[in-house]
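Reader: I would like to learn how to read charged pairs and nonpolar cores in a model. Please take me through them one at a time.

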Amino acid sequence: SAASWNGPKRKTFGTKMMTLYHVTDKKAADAISKSGKMIRGSAGMFGGGIYFAESIQSAVYKSEHKGGWVITAKVLVGKEHTVAGATAGKFDFQKLKSLGCDSVNAPKGSGGGKPERVVYNWDQVCIVSVKKTN
């Protein structure tokens with residue numbers, strides 16, 4: 001269960017956990033509910049990762065799926081690689097590993113927005129709940 005989950009079985013650079021949010025469509029929400037896994041996207045501002053917001057409001061706001069499904073997850077952000085915005089470029093699991101980091105932290109999103117957090121491996125994510133947004 002999410003309460004007893006302590007992150008991936010493999011060694012990580014840090015142990016910091018956060019409860020984070022992701023909004024998606026019904027099809028993806030159903031797949032996540034069934035598998036209990038979130039799979040990273042193939043593209044994104046900071047590369048093909050699993051993107052999260054720090055609040056439900058901000059997850060809904062940045063989602064292309066208005067009135068979608070909100071995934072609440074316990075995420076091992078571990079040691080964070082903090083970036084100023086979109087100019088930071090793209091990352092992947094190996095690149096972060098070479099920097100000695102577990103996740104990307106973008107406090108201003110792409111530059112002037114809401115905080116965004118990205119992990120690049122499904123084993124850093126534990127699904128707490130999948131619910132329809134109002």
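Author: Start with the term: a salt bridge is a side-chain nitrogen of Lys or Arg within 4 Å of a carboxyl oxygen of Asp or Glu. This is a predicted model. In it, Glu 80 and Arg 117 meet in a salt bridge, at 2.4 Å from N to O. Glu 80 lies in strand 4 and Arg 117 in strand 6, so the pair ties together parts that are 37 residues apart in sequence.

Reader: Which residues are linked with them in a network of salt bridges?

Author: In general, side chains of opposite charge can pair when their charged atoms come close. Here the network links Lys 16, Glu 54, Glu 80 and Arg 117. Glu 54 bridges to Arg 117 with the closest N and O atoms 2.7 Å apart, and Lys 16 bridges to Glu 80 at 3.2 Å.

Reader: Is Arg 117 buried or exposed?

Author: Arg 117 counts as buried because its relative accessibility is 6%, and buried means under 20%. Glu 54, at 32%, counts as partly exposed.

Reader: Which residues have the most contacts inside the largest nonpolar core?

Author: In soluble globular proteins, nonpolar side chains tend to be buried together. The largest core here has 13 residues, and Met 38, Phe 52, Val 75 and Val 125 have the most contacts inside it. Strands 1, 2, 3 and 7 each give two or more residues to this core; the largest share, 3 residues, comes from strand 3.

Reader: What does Phe 52 contact?

Author: Beyond its neighbours within four places in sequence, Phe 52 is in contact with residues including Met 38, Val 75, Val 125 and Arg 117.

Note on methods
Residues are numbered from 1 along each chain as its sequence is written. This is a predicted model: local features need pLDDT of at least 70, side-chain atom pairs count only at pLDDT 80 or more; totals for chains, interfaces and linings use all residues. Side-chain values use heavy atoms; hydrogens and water are left out. A nonpolar core is a set of buried Ala, Val, Leu, Ile, Met, Phe, Trp, Tyr and Cys residues joined through side-chain atoms within 4.5 Å. Buried means under 20% relative accessible area, exposed over 50%, partly exposed in between (1.4 Å probe, protein chains only). Helices (H or I, at least four residues) and strands (E, at least two) are DSSP runs, numbered from the N terminus. Contact means heavy atoms within 4.5 Å.
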